[in-house]
Amino acid sequence: MLQFRSASDADDICKAVEAVSDDMAAAALQDLPQEDFYGDEGNSDDEEDSGTPTGKGEKKKRSWLGKVGKGLYRRSVNLAKSSGLVDTPASKEDQDLLAAVLSCRSPFAVKAGGVGIQNPEHAKACRSVLSLMISQMGRNLLSGGNVMNVSFPIQCCQPRTVLEIGAQMGQFTHIYLPRAAATKDPVERMKNVVACFVAAMPLTSGNFLKPLNPILGETLQVDYGDGSKLYMEQTCHHPPVSSFCLVPPSQSYTVSGYQTFNVGWGYNKMFLTNQGVRTVTFSDGSSISLDFPQDRWINVFWGDMVHQTIGTQTFTDEKNGIRCRLEFGNPSNRKGIPNDFFEGVIEQFDSKNPDAPGTALHQVQGSWLGFVDFDKTRYWDIRTTEKTPMSVPADMLKSDSRHRTDRKFLEAKDFKKAQVPCVNIRILFKF
């Protein structure tokens, strides 16, 4: 188990990480050619030798290694230009798109895309813990090792469980899912379901402190402002699986499913791989199922920490042969567009042959931090859409997350007392 050895441990480790940051960056860049290393932009493999004894500016032949090096350099420059890595003017279309994205965006969004960490103390705590984890797991951690079996010190946790974080995803169902249930048009229904779940994504972003892991059988009940009720339970401890069911007063739809995840690491990055399925089932017998995109935290060791959403998310209505595919992370690499921009398509497909290409019906684009547009018609706008409040039901079970002793001590910032029940839980489940 990881523990802080003294009150000054976090400060000492953070200073150590900061001290080596510049050296690590220099080590990563020291073998790259300098800006003028291959300053000759001509195509000749010969170059003038102004340093010859005769001083006649004779040509000297490059060695085979020099020719290969220059060739690789030229190709890398051309590749960078074609990939948009070299600064080239943005098109008028991209300029207009950038203006649209920046005009409708979460106040916590950063320029390059994603949600930036807001509290420097949280960054300090996270980096202290990461340093301790590296000392325990070694290089395996940085090369992509899973940390699900590594214990976190209570100081880096927030006083909420994974179940409580997940419950926030239901705070826009009161707007979009009644509309989806009321329409008979499967495409219109799909649009509202997509808007509902994309709109909820900013609600769970920005959690840079680790939530508490629920234990097997732990539950959570939530009442929403529209009268909907959410029931959640931790149905597996290793791997961690959370199951849920949301029921509105009208019972015109239900939302149910499960989620699990793995955590891995890259160079100065952390990845959260989400797995599971969520299904919206309507009273007319049709349903729409959706999976999860992936999460990435960048600059976890140095730089400004940022949470980003990447990868693909698919919404599928098998009964009507309709699906929507979203590609996150500025998939077309459009010039100057933030990483939170996404693009996608609603298409008709053959449910008997789902791998075959579908027929495009509508285009979708937006920012998961601001808006969703279908064929330039806006369905979600962060500036005008209000989430429904959540409250604790009167008949809360004894197994509810909010009864946890470590959560209560952590909320009171009594880390010493919070660590004791947390340790006992880990011993019980051999964590």
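Colleague: With which residues is Leu-326 in contact, leaving aside its neighbours within four places in sequence?

Modeller: Leu-326 is in contact with Val-194, Val-198, Gly-311, Thr-312, Gln-313, Phe-315, Phe-342, Glu-343, Gly-344 and Val-364, where contact means heavy atoms within 4.5 Å. The model is predicted, so local features need pLDDT of at least 70 and side-chain atom pairs count only at pLDDT 80 or more, while totals for chains, interfaces and linings use all residues. Residues are numbered from 1 along each chain as its sequence is written, and side-chain values use heavy atoms, with hydrogens and water left out.

Colleague: Why is Thr-314 called buried?

Modeller: Buried means under 20% relative accessible area, exposed means over 50%, and partly exposed lies in between (1.4 Å probe, protein chains only). Thr-314 has a relative accessible area of 19% and therefore counts as buried. Thr-314 belongs to strand S13 (residues 306–317); helices (H or I, at least four residues) and strands (E, at least two) are DSSP runs, numbered from the N terminus. Not counting residues up to four places away in sequence, Thr-314 touches Ser-289, Leu-290, Asp-291, Cys-324 and Arg-325.

Colleague: What makes a set of residues a nonpolar core, and which members of the largest one touch the most others?

Modeller: The members must be buried Ala, Val, Leu, Ile, Met, Phe, Trp, Tyr or Cys residues, joined through side-chain atoms within 4.5 Å. The largest such core has 50 residues, of which Val-193, Phe-197, Val-198, Phe-315 and Leu-326 touch the most other members. Helix H8 (residues 186–199) supplies the largest share of this core, nine residues. A separate second core has 17 residues, including Trp-297 and Met-305.

Colleague: Why is H7 described as roughly antiparallel to H8?

Modeller: Helix H7 (residues 173–182) packs with H8 at an angle of about 165°, their axes 8 Å apart. Axes are lines fitted to C-alpha atoms, for helices over the stretch in contact, and angles run from 0 to 180 degrees between N-to-C directions. Angles under 35 degrees count as roughly parallel, over 145 as roughly antiparallel, 65 to 115 as roughly perpendicular and the rest as oblique. H7 is therefore roughly antiparallel to H8.

Colleague: Which residues of H7 are buried, and what do they pack against?

Modeller: Thr-173, Ile-175, Tyr-176, Leu-177, Ala-180 and Ala-181 are the buried residues of H7. They pack against H8 and strands S8 (241–247), S9 (253–266), S10 (269–282) and S18 (377–381).
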